[in-house]
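Thanks for passing this one along. Here are my notes, point by point, to read with the model open beside you.

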Amino acid sequence: NRRMDEWIQLSRIDLSRGPASGRSGREALPLTPDSSAEGLERKMTRRQKQRHDEINHVQKPIEEMDPTTAALEREHEALTKVKYIDMIQIGKYEIDAWYFSPFPDEYGKQRRLFICEYCLKYMKLEKTYQRHLSAAWRGDLS
């Protein structure tokens, strides 16, 4: 047993002083990749930085990726650079689209997309949407 620890009796614990505060009375420093507080810096280990990046979804720069992943990432960036659908209408609600959405090409270039609030089918024309809704009210959806 090299740990040199032992179980002690409650009588040996001094409860009058309250809980111990960090090292020499200072607050613990935040553990971030570039943390600094009052001029004091605390370095993260490689493993701590890796865990921090995983938790906060930090993506590696394209230069650090393997060639296949980097090529796929560049292709994804090129495809998602432009947002085509400006508005989505679901029932009586109109929703502004903020980001690119991967709809099929025939739907993706529409300025407004109509989505059925009952079955979530999406349509590019309002006329088709109205016909679909009338069928939904009759219970003829298939």
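1. A definition to start with: two strands count as paired if DSSP finds at least two bridges between them. Please keep in mind that this is a predicted model.

2. Four strands make up an open sheet with mixed pairing, and their order is 4-3-5-6. At the edges stand strand 4 (93–96) and strand 6 (122–123); each has a single partner strand, so one side of each is left without a neighbour in the sheet.

3. Strand 3 (residues 87–90) pairs with strand 4 in the antiparallel sense, over four bridges. Within this pair, Ile90 stands opposite Tyr93 of strand 4.

4. Now the overall layout. The protein has four helices and six strands, and along the sequence they follow the pattern β-β-α-α-β-β-α-β-β-α.

5. Among contacts with a separation of 6 or more, 23% are between residues 24 or more positions apart. The accessible surface of the protein is about 12900 Å², and carbon and sulfur atoms account for 52% of that.

6. Finally, which residues form a nonpolar patch on the surface? They are Ile8, Leu10, Ile13 and Leu15, together with about 410 Å² of accessible area. Ile8 lies in the segment before strand 1 (36–37). With a relative accessible area of 40%, Ile8 is partly exposed, a class that runs between the buried limit of 20% and the exposed limit of 50%.

Note on methods. Residues are numbered from 1 along each chain as its sequence is written. This is a predicted model: local features need pLDDT of at least 70, side-chain atom pairs count only at pLDDT 80 or more; totals for chains, interfaces and linings use all residues. Side-chain values use heavy atoms; hydrogens and water are left out. Helices (H or I, at least four residues) and strands (E, at least two) are DSSP runs, numbered from the N terminus. Contact means heavy atoms within 4.5 Å. Accessible areas come from the Shrake-Rupley method with a 1.4 Å probe; for residues, only the protein chains shown count as cover. Patches are made of residues with over 30% relative accessible area and no salt bridge: like charges are joined within 9 Å, nonpolar side chains (Val, Leu, Ile, Met, Phe, Trp, Tyr) within 5 Å. A salt bridge is a side-chain nitrogen of Lys or Arg within 4 Å of a carboxyl oxygen of Asp or Glu. Buried means under 20% relative accessible area, exposed over 50%, partly exposed in between (1.4 Å probe, protein chains only).
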